[in-house]
Amino acid sequence: MADELLELTKTLVSIKTPSGDIRRLNHCCDFIIDYFHNIVKVKRFQNNRLPSLFISNNTRPKIILNSNIDVVGAEEKMFIPKIKAGKLYGRGAYDSKAQVAAFMKAIAENPNANIGLMITSDGETGGKWGTSR
């Protein structure tokens with residue numbers, strides 16, 4: 001599982017998702033939706049054009065995990081994941097794409113658990129259009 005989680009995290013890091021870049025944020029959401037195809041229900045919605053996802057097989061889960069896919073803009077080379085001394089480096093690796101990957105794996109491996117996952121795309125700009133809606 002650790003190798004799969006690392007690969008999923010590296011893929012998410014390589015998807016450029018600077019805050020406010022609607023096209024790229026939607027591309028990342030498309031990847032996540034494809035990941036859950038035929039496993040878990042995914043609802044996509046937008047507020048102020050910013051995409052968010054709600055992932056769960058339950059309509060009223062007891063626990064809702066939450067994270068964001070947007071990152072602060074950076075040079076192109078920052079979106080190339082690298083491992084140095086056993087640590088993953090790349091834009092968003094620790095804030096918050098590794099967290100998103102871990103949540104994705106947890107939901108995919110336990111599709112009938114009474115949990116949900118909220119993924120927003122405005123975490124770096126205050127969360128006004130994702131979680132608070």
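## Reading a sheet and its helices

Tutor: Let's start with strand 6: Ile115, Leu117 and Ile119 point one way from it, Gly116, Met118 and Thr120 point the other way, and all are buried. Keep in mind that this is a predicted model.

Student: What is the general idea behind that split into two directions?

Tutor: In a regular strand, side chains alternate between the two faces of the sheet. Here Leu117 goes with Ile115 and Ile119, while Met118 goes with Gly116 and Thr120.

Student: Why is strand 6 described as largely enclosed by the rest of the structure?

Tutor: Buried means under 20% relative accessible area. Six of the six residues in strand 6, which spans residues 115-120, are buried, so the rest of the structure largely encloses this strand.

Student: Which strands pair with strand 6, and in which sense, parallel or antiparallel?

Tutor: Strand 2 (residues 50-55) pairs with strand 6 in the antiparallel sense, over three bridges. Strand 3 (residues 63-68) pairs with strand 6 in the parallel sense, over six bridges. There, Asn66 has Met118 as its bridge partner in strand 6.

Student: What is the strand order in the sheet?

Tutor: Read across, the order is 1-2-6-3, in an open sheet of four strands with mixed pairing. Strand 1 (42-47) and strand 3 are the edges, as each pairs on one side only. On average, neighbouring strands are turned by 20° against each other, ignoring direction.

Student: Where do helix 2 and helix 3 sit on these strands?

Tutor: Helix 3 packs on the sheet and touches strand 2, strand 3 and strand 6, with its direction at about 145° to that of strand 3. Helix 2 lies across strand 1, strand 2 and strand 6, and runs at about 15° to strand 2.

Student: How do I read the packing of helix 2 against helix 3?

Tutor: Take the angle and the axis separation together. Helix 2 (residues 22-35) and helix 3 (residues 93-109) pack at about 25°, and their axes are 11 Å apart. Angles under 35 degrees count as roughly parallel, and helix 2 and helix 3 are therefore roughly parallel to each other. The crossing of helix 2 past helix 3 is right-handed. At the contact, Phe31, Ile32 and Tyr35 of helix 2 meet Met104, Lys105 and Ala108 of helix 3.

Student: Which residues of helix 3 are buried, and what covers them?

Tutor: An α-helix has 3.6 residues a turn, so residues three or four places apart point the same way. In helix 3 the buried residues include Ala93, Ser96, Lys97, Val100, Ala101, Met104 and Ala108. Their cover includes helix 1 (2-14), helix 2 and strand 5 (87-89), along with strand 2, strand 3 and strand 6.

Conventions
Residues numbered from 1 in each chain as written. Predicted model: local features only at pLDDT ≥ 70, side-chain atom pairs only at ≥ 80, totals over all residues. Heavy atoms only, no water. Buried < 20%, exposed > 50% of the residue type's maximum accessible area, 1.4 Å probe, protein only. Pairing = 2+ DSSP bridges. Axes fitted to C-alpha atoms, helices over the stretch in contact; angles between N-to-C directions. Parallel < 35°, antiparallel > 145°, perpendicular 65-115°, else oblique. Left-handed = near helix turned anticlockwise from the far one by under 90°. Contact = heavy atoms within 4.5 Å.
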